[in-house]
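Subject: Structure for your files

Hello,

Here is the structure I said I would pass on. My notes on it follow below.

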Amino acid sequence: MRATKEGDQAMSYRNLYWNRTNSVEGRSRETVTMLTDRSVYRPGQEVYVKGIAYRQQGETAEVISGKKYTVTLRNVNNQEVTTQTVSTNDFGSFDTSFTLPASTLNGVYRLETPRGSTMFRVESYKRPTFTLKMETPTESYQLGDSIHITGEAKTYSGVPIKELPVQYTVTRTFRMGWRIHTEPVQVIASGEVVPDDTGKFSIPVELTPGTRTSDFIIYSYQIETTLTNESGETQSSSISVPAGNRSIILGTDISDEILKDDSIRINFLATNPAGKPVEIEGTYSLYSK
């Protein structure tokens, strides 16, 4: 077997030691390569294994058919879990499977034969059963206002989670313009709220400003929530709400240069500090230089 690419040829394996080259081209090497159907498994799951055995000598290789191998499964502590005896078919391959113990250690497991091995991970993980979400405010607001952050807790099947407390923490970080300054995070509020019969809840947030002053000053308020259900599963959610001394951010969509004979069309965009569009009424003036 020879591998080439764009004029380059792969060199067979060589041992290099003290500037001496000991080529193994003249020796025959028996190898078993194994693959698993996944890289991560849970305890108790089935591990499907496919292997191929071949013999290589120099740049040629041939499959090994009709040969038996013992495949050993070892756990994270290198302890033998179980073994399987396999036999290669006419194409030098074999298939087998192992059932992981329902109660076992997490970590890296190894499948090995005298001629090759492969590894995979075993992790105990549980799929989440419910979600905890919050919504960015859509109304206009500014520093000094009181707003409410609404959220919802429900199972993945759509059943509302009610009568379980949602713990929350509100922190504040100073920003100058749209850049965040590395200043200590200040906790300005914490507590708990209980979802209603529909799984919805509301967190009161006071947009208390700091001592800094500027024509355009912005603080970032981080609201973090956690909820733990009866079985001990905990889910978290967080959002960031910017607030400044301006309740509305105005923008326009207009070209820098317009031909004088063309009609002018201008799009105005009004958003709250969180970037959500708001409905307002106003006036505009058009000037010529």
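How many bridges join strand E14 to strand E15, and do the two run parallel or antiparallel? There are 5 bridges between E14 (residues 130–134) and E15 (residues 146–155), and the two strands run antiparallel. Please keep in mind that this is a predicted model.

On the other pairing of E15: strand E19 (residues 200–206) is joined to E15 by 7 bridges, and this pair is antiparallel as well.

Put together, the strands form an open sheet of 3 in the order E14-E15-E19, with antiparallel pairing. E14 and E19 are at the edges and each has a single partner strand, so one side of each has no neighbour in the sheet. From one strand to the next the twist averages 20°. As background, strands of a sheet pair through backbone hydrogen bonds, either parallel or antiparallel.

Next, the aromatic residues. The structure holds 2 aromatic pairs. In one of them, the ring centres of Tyr 41 and Phe 120 are 5.2 Å apart and the planes are at 75°; an angle over 60 degrees counts as edge-to-face, so this pair is edge-to-face.

Tyr 109 belongs to strand E12 (residues 107–113) and Phe 120 to E13, and the two are 11 residues apart. Tyr 109 is buried, as is Phe 120.

Which residues do the ring pairs link into a cluster? They are Tyr 41, Tyr 109 and Phe 120.

One last item concerns a charge and a ring. The charged end of Arg 172 sits over the ring of Tyr 219, at 5.4 Å from the ring centre.

Regards

Technical notes: Residues are numbered from 1 along each chain as its sequence is written. This is a predicted model: local features need pLDDT of at least 70, side-chain atom pairs count only at pLDDT 80 or more; totals for chains, interfaces and linings use all residues. Side-chain values use heavy atoms; hydrogens and water are left out. Two strands pair if DSSP finds at least two bridges between them. Helices (H or I, at least four residues) and strands (E, at least two) are DSSP runs, numbered from the N terminus. Axes are lines fitted to C-alpha atoms, for helices over the stretch in contact, and angles run from 0 to 180 degrees between N-to-C directions. Rings of Phe, Tyr and Trp (its six-membered ring) pair if their centres lie within 6.5 Å; planes under 30 degrees apart count as stacked, over 60 as edge-to-face and the rest as tilted. Buried means under 20% relative accessible area, exposed over 50%, partly exposed in between (1.4 Å probe, protein chains only). A charge sits over a ring if NZ of Lys or CZ of Arg is within 6 Å of the ring centre and within 35 degrees of the ring normal.
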